[in-house]
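Here are some notes to read alongside the model. Take the points in order, and find each residue on the structure as you go.

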Amino acid sequence: MEKHYFDCQCECGEHFVRFVLDPKVGDVWTEVYLRPQPWPTRLWNAVAYVFGQRSAFGDFDCVFLKPEDRDRLQQLLARAARAAPKWPPAPLLGPTE
Ligand SMILES: [Zn+2]
């Protein structure tokens, strides 16, 4: 597996995304860092979530890719596409009479 890190434009150490490429089959997935919180905060967030409370800013964070990383990400996805099986797969041929 190949691991490719992309830092956020803000340079915060908590803002990055890691793309993992399986070069044999072209699978790509992302891994995102989740900021650790003390357990009372996590418990409070869980209770609030169960009761439907939503953050005014949304329950997500973001990573702004750096302009200089665009080509690197594009090349990674192009490599994955070349390694992946073609889609749609060729139709299976049945027995002929
Ligand atoms: Zn950031």
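How many residues lie between E2 and E3 in their hairpin, and which residue in the turn has a positive phi?

1. **The hairpin.** Let's begin with that question. Four residues separate E2 and E3 in the hairpin, and the turn residue with a positive phi, about 80°, is Gly26. Please keep in mind throughout that this is a predicted model. Strand E2 covers residues 16-22 and strand E3 covers residues 27-32; the two run antiparallel and are joined by six bridges. To follow the pairing by eye, look for Val20, whose bridge partner in E3 is Trp29. Next, find Phe19, which stands opposite Thr30 in E3.

2. Glu31 and Arg18 meet in a salt bridge, with 2.1 Å from N to O. Glu31 belongs to strand E3 and Arg18 to strand E2, and the two are 13 residues apart. Glu31 is partly exposed, because its relative accessibility is 29%.

3. **E2 and its other neighbour.** E2 also pairs with E1: six bridges join these two strands, which run antiparallel. Is E2 largely enclosed or largely open, and why? Six of its seven residues are buried, so E2 is largely enclosed by the rest of the structure.

4. **Phe6 in strand E1.** Staying with E1, have a look at Phe6, which is found in this strand. Phe6 counts as buried because its relative accessible area is 1%, and the cut-off for buried is under 20%. For a sense of distance, compare Phe6 with Lys24: they are 18 residues apart in sequence, and their C-alpha atoms are 22 Å apart in space.

5. **The zinc site.** Which atoms coordinate the zinc ion? They are SG of Cys8, SG of Cys10 and ND1 of His15, at 2.1 to 2.2 Å. Along the sequence these donor residues follow the spacing C-x1-C-x4-H. Cys10 has 45% relative accessibility, so Cys10 counts as partly exposed. His15 has 18%, so His15 counts as buried.

6. **Glu11 in the loop.** Now move to Glu11, which sits in the loop between strand E1 (2-7) and E2. Its phi is near 70°, a positive value in a residue other than glycine. Is Glu11 buried or exposed? At 53% relative accessibility Glu11 counts as exposed, because the cut-off for exposed is over 50%. The side chain of Glu11 also makes a polar contact of 2.7 Å with the side chain of Lys66. As for Asp69, it is 58 residues from Glu11 along the chain, while 13 Å separates their C-alpha atoms.

7. Side chains of opposite charge can pair when their charged atoms come close. The salt bridges in this model number four. One of them joins Glu2 and Arg79, whose closest N and O atoms are 2.7 Å apart. Glu2 is in strand E1 and Arg79 is in helix H2 (residues 70-83), so this pair ties together parts that are 77 residues apart in sequence. Glu2 is partly exposed, with a relative accessible area of 23%. Arg79 is partly exposed as well, at 34% relative accessibility.

8. **Asp69 and Arg72.** Another salt bridge brings together the side chains of Asp69 and Arg72, at 3.4 Å from N to O. Arg72 has 34% relative accessibility, so Arg72 counts as partly exposed.

9. **A nonpolar patch on the surface.** Finish on the outside of the model. Trp39, Leu43, Val47, Tyr49, Val50 and Phe51 make a nonpolar surface patch of about 770 Å². To place one of these residues, find helix H1 (residues 39-50), where Val50 lies. Val50 counts as exposed because its relative accessibility is 64%.

Conventions:
Residues numbered from 1 in each chain as written. Heavy atoms only, no water. Donors = N, O, S within 2.8 Å, 3.2 Å for Na, K, Ca; no water. Buried < 20%, exposed > 50% of the residue type's maximum accessible area, 1.4 Å probe, protein only. Pairing = 2+ DSSP bridges. Patch = residues over 30% accessible without salt bridge, like charges linked within 9 Å, V, L, I, M, F, W, Y side chains within 5 Å. Areas by Shrake-Rupley, 256 points an atom, 1.4 Å probe, with all protein chains shown as cover. Polar contact = N/O pair within 3.5 Å; in protein donor to acceptor, adjacent residues only side chain to side chain.
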